[in-house]
Amino acid sequence: MDPASALQALNSGIPIAWYLTLAAVLFTIGVAGFLLRRNIITVFMCIELMLNAVNLTFVAFAHQHRDVSGHLYAFFVMVVAAAEAAVGLAIILTVFKNRSTLNIDEIDTLKN
Amino acid sequence: MHKLWLIPALPFIGFLINGILGRKLSKTVINAVAVGSVVLSFLWVLQNAASCDWGANPLHAHYFTWIRSGGFNVGWDFQIDRLTVVMLLIVTGIGSLIHIYATGYMAHEEGYYRFFAYMNLFMFFMLTLVLAGNYLLLFVGWEGVGLCSYLLIGFYFVKKSATTAGNKAFIVNRIGDFGFSLAMFLIVVNFGTLDFRRVFAAAPGKPVETLTAIALLMLVGAAGKSAQIPLYVWLPDAMEGPTPVSALIHAATMVTAGVYMCSRSAVIFTHAPAAMETVAVIGLATAVFAATIGLAQYDIKKVFAYSTVSQLGYMFLGVGVGAFSAGIWHLMTHAFFKALLFLGAGSVIHACHGEQDMRHMGGLRKYAPITMWTLACASLAIAGFPGTSGFFSKDAILTAAYGYAPWMFWVGVITAGMTAFYVWRAFWMTFMGEYKGHGHPHESPLSMTGPLMVLAVLSLFGGVLFNVPKFLSGMFPLPEEVPGEAMLMGISIAAGLIGIGISYYMYVVNTELPGKVTSALGGLYTLVYNKYFVDEIYDATVVTPLVEGSKTVLWHGADQGLIDGIVNGVGTESRAIGGVLRLIQSGNIRSYATWVVLGSVAVLLVMVFGGGMR
């Protein structure tokens, strides 16, 4: 079997709905974790999970429509996520230094 | 060589120099500028008067178009005819004398430059008023002199009574000016122009009702400016200003603007007989009313103030009975003797170190002889002593009044008797008997007595020298001969002499008598002494309701209740809504995230079930 026909088999084999379902499941896990977990690190990881779920849908649609813009958006999201991870982790580090806690419910200085 | 604009421009330059640089200038320079500009203006008027060809046609000068709206044009136009010349000579001539006098009188006052700047500004506006070739420009001068009057009445602005007197003058004049404005609107509507020439040319063809309405509204304006019933109340209070101001503005010139305006509009008035009769009746009523108040006053300036109101009433009587030239004649002679009376009063006050109450004067004949003799001339003139200036003009008015309605003549004669009485009463109280004031009285300097002497000559011989009715006969026909004129003359002379005689008896020979008379009159005397309580009545009927109405309805009701209520209500409501919304801001990140998720779900649901974005 030559590579081109293999790719075609793959393409025709897995319908788009499967990719989308996987992305939805991943996104929901991310949302649930974000809302329910108290540890900031976990919350942070959940955000990453949601971003990657979105990336998956972008890539899936790009593949289906044979359009490269979807891939471009995926790369943008990765860049932003990387930057966000750097800044976010720095903030978490500072918060932990100052407050000796990573419980998100105790960090509510925006109130009042 | 006309250059009419120079006449008002000279005092205006004086005003600019003194008003802007006056603070830094020395008194000599201020005097030179202030007096110099007015005297130059006077000389220019004389030059013009001498060089003009005084035919029937007035001279016009158009400088620039001020307002142009469709077919309606108002220009900065000056016009000079015989009536204007008479007024110009009075204003600049008397003005020059009073400016000279003021350099002496005001020598020790604060704000010297300010005083002269205002005086020059007044001259500018008064000359604009007199020279104006249309009603609007006349109104500019009219309002301008009102402004200067306000500024100069309130000249001693640290004194509360002076500032309130200034306000009173200004506010009362607003009522009159409102009438005058309405008159101008009516003229614009009916004539399509405010130009004197075109209005007067078209006036005879207009319906009588229109002309009567215009004339009556003008009378309201004139009553405000010239202190006639019922708007005279500001003039006696205006005496709070410095005495030269009283003499120039509130006796000789500004207050006669109403008489001038009516004479200028003679064409309108003569075609509205009902308005003429109203003018005559108001003039006569004012003359009697003010004269009776004058009988009982003790402040020397108040006596002369009521006398001014009374004499202005005479002028209006003259205008009202159709003797315009007699009114203008009396305007002129009155300018001479009343300016002299006020300047003399100023000299007396100066001599008595600021005392104005005649009960604290007396005996000044020894200390201030020049003032006494000049004042005697003025008092003779106002009493109508034969041969003096006041005699001729008053007689002309009274004769004309007799021709119009005999009862007016008799009321006028009684008023003349009262006038003679109270002026001479002031004279005896001031100069006879013993000095009852404080300090040592002294004669005034030459800068003050000089103008007094010039005015004394004019008061005595002004009537013989300047026969105004004859000069104006081209504009206003000479009155017809009235039968028995010599007898009428005799009666008015007798009234004046009786007035003088009674006052001499009461205040020199038998000084006990006035006290007995006042106690015998009782309530009547109290009524007159308190000026018929007119001020109190106005307070109760007009001022207090206005003030209280403004306070309760406008201030507390409209302003605080409605406007503030709306503004504050908006603020309170915003706070209440915000108070609910701020509960969302918990500060808890996870609750924010929940809101975000809920929002997203909501958007999603709308898109799915609402048909999406297709």
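A residue is called buried if 20 or more other C-beta atoms, placed from the backbone, lie within 10 Å of its own, exposed if 12 or fewer do, and partly exposed in between. The model is a predicted one, in which local features need pLDDT of at least 70 and side-chain atom pairs count only at pLDDT 80 or more, while totals for chains, interfaces and linings use all residues. Residues are numbered from 1 along each chain as its sequence is written, and chains are lettered from A and ligands numbered from 1 in the order in which they are written.

Tyr532(B) is partly exposed because 13 other C-beta atoms lie within 10 Å. This residue sits in the loop between helix H23 (523-529) and H24 of chain B, where helices are DSSP runs of H or I with at least four residues, strands are runs of E with at least two, and both are numbered from the N terminus. The phi of Tyr532(B) is near 60 degrees, a positive value in a residue other than glycine. Most residues other than glycine have a negative phi, and most peptide bonds are trans. In chain A, Arg66(A) also has a positive phi, near 55 degrees, and it lies in the loop between helix H3 (40-65) and helix H4 (69-99). Arg66(A) is exposed, since 7 other C-beta atoms are within 10 Å. Back in chain B, a cis peptide bond with omega of about 5 degrees joins Ile229(B) and Pro230(B), and Pro230(B) belongs to the loop between helix H8 (208-225) and helix H9 (234-237).

Which way do H4(B) and H5(B) run, roughly parallel or antiparallel to each other? The axes of helix H4 (residues 112-131) and helix H5 (residues 135-153) of chain B, lines fitted to C-alpha atoms over the stretch in contact, come within 7 Å and cross at roughly 155 degrees. Angles between N-to-C directions run from 0 to 180 degrees, and those under 35 count as roughly parallel, over 145 as roughly antiparallel, 65 to 115 as roughly perpendicular and the rest as oblique; H4(B) and H5(B) are therefore roughly antiparallel.

Chain A has four helices and zero strands, and buried residues make up 11% of its 112 residues. The contact between the chains takes nine residues from chain A and eight from chain B, two residues being in contact if their C-beta atoms, placed from the backbone, lie within 7 Å.
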